[in-house]
Amino acid sequence: MVPKEQVQASVKQFILSEFLPGEDAGELETTTPLVSAGILDSIATLKLVTFLEEQFSVQIDAHEADVDHLNTVEDISNLVLSKL
Amino acid sequence: MDFSWTPEQAQLRSAVAEMAEGELNEGLAERDKRGEFSREGWRRCAEMGIHGLPVPEEYGGASAGALTTVGVLERLGYGCKDNGLVFSINAHMWTLEIPLLAFGSEEQKRRFLPGLCSGALIGGNAMSEPDSGSDAYSLQTTAVLRGDRYVLNGNKVFVTNAPIADLLLVFANVDPERRPSGVTGFLLERDTPGLTLTRHVEKMGLKTSPMGELFLDDCEVPARMRLGKEGAGQNLFTHSMTWERSCILAGAVGTMERLLETCVAYAKGRRQFGQQIGKFQLVATKLVDMKARLETSRALLYKAAWLRDQGRSIFLEAAMAKLQISESWVQSAQDAVAIHGGYGYMCEYEVERELRDALGSRLYSGTSEIQRSIIAALMGL
């Protein structure tokens, strides 16, 4: 089982590098809203889902690529961990 | 990757091509002029199981994988010159059956999917509006919950199958302040009060595929007809569009093969300056390029379908397949007209119609520019 902290760190790193380049890493908390704050738009969501599937060898179902499952690093990590 | 066909797949592909060639092309030139949809053709394709290919058997479908599905649709496009009919079938499958399958309640799926698979029901979706095309989620149509019903108001354009549809997936915003996160899908039956088909739209090509506009005037939709959760519209549309982009031009790959065969035969039979025109390098080059476009298009089509069958998300591959096949189809149809010279410009040779039918593929399911934007983003740019 991959530790939750490891999943969170990986997701956080991806979001910082892809969607928040140059931002202070400390500003991105595990509870920072991503979808509702507009950080994850429709294209960014495609990139994130592709990353999660490749990085963790999981399959994200169509109905899971939404605000309920992807709005925060915490939500995303929980979704990934539920599939490992 | 293994793209070889099993005996069963090969048999189905062959049967579909044979049926299409023998039964779907009669009177097409006249029907194209009149903009007439072929209900008989629709029925025959449904009888062959085409409409329900990717739908599980328990809902009336064939439980075919994505690769089998595109393989069969490819042969439909090869045998059937009625590109409008093929387009209508695709709209029905990817914009309604697939989202209904993924997001529908058990009750919704059992109520509608068997009829959609058998062809008894004709479906489509309504997303585009006069002021929202590529920027789809900026739609203005609203849905307000009142008791056990949503009241929809708005206007939809470019709705494939609208004039003949029994069931439509209509997108509206339940909370415009949430912008894309408020977009929600609703299933509307043709006789829903307040739903009006305002006009039948004439197009440049795909004329045998009816297209219309919708007007929603205090249109009352039971809450049980919402597809998925409130705000799931973006997710639902992405799912639908990914299937659509990866599959909708499977038929065009077959069409390109048929066009190529027609052009090679013509280039061998037509003589100018004392020899077959195919012996002229400038003509041969066009045919070689048509062949290369056909093979690269087919490879991308099959790869995307194969990856989907492996359970992978295929956002990038779907956009690449859509881009490559649509651009190839248009260029190859243009080359086909050029190879036929003046005859290619004449309606009776039926080559000019192929070009008119191909051009829309650069626009629907996301323009080529949008596909390039998606691909660039997914490349990390």
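What follows is a conversation about domains, chain contacts and helix pairs.

Modeller: This is a predicted model, in which local features need pLDDT of at least 70 and side-chain atom pairs count only at pLDDT 80 or more, while totals for chains, interfaces and linings use all residues. Residues are numbered from 1 along each chain as its sequence is written, and chains are lettered from A and ligands numbered from 1 in the order in which they are written.

Colleague: Into which domains is chain B divided?
Modeller: Domain bounds come from an automatic or database domain assignment. Chain B has domain 1 (7–122), domain 2 (124–231) and domain 3 (249–378). The C-alpha centres of domain 2 of chain B and domain 3 of chain B are 32 Å apart. Four residues from domain 2 of chain B and six residues from domain 3 of chain B make up their contact, where two residues are in contact if their C-beta atoms, placed from the backbone, lie within 7 Å.

Colleague: How many residues of chain A are in contact with chain B?
Modeller: On chain A there are 16 residues in contact with 19 residues of chain B. Helix H2 (residues 42–56) of chain A gives the largest share of the chain A side, seven residues; helices (H or I, at least four residues) are DSSP runs, numbered from the N terminus. The chain A side divides into eight nonpolar, five polar and three charged residues, with Ala, Val, Leu, Ile, Met, Phe, Trp, Tyr, Cys and Pro counted as nonpolar, Asp, Glu, Lys and Arg as charged, and the others, Gly among them, as polar.

Colleague: By what is a pair of packed helices described?
Modeller: Two packed helices are described by the angle between their axes and the distance between the axes. Axes are lines fitted to C-alpha atoms, for helices over the stretch in contact, and angles run from 0 to 180 degrees between N-to-C directions. The axes of helix H4 (residues 66–79) of chain B and helix H9 (residues 281–309) of chain B come within 7 Å and cross at roughly 150°. H4(B) and H9(B) are therefore roughly antiparallel to each other, given that angles under 35 degrees count as roughly parallel, over 145 as roughly antiparallel, 65 to 115 as roughly perpendicular and the rest as oblique.

Colleague: Which residues of H4(B) meet H9(B)?
Modeller: From H4(B), Ala66(B), Leu67(B) and Val70(B) meet residues of H9(B) including Leu301(B) and Trp306(B). By class, this contact of H4(B) with H9(B) has seven nonpolar, no polar and two charged residues.

Definitions and conventions
Helices (H or I, at least four residues) and strands (E, at least two) are DSSP runs, numbered from the N terminus.
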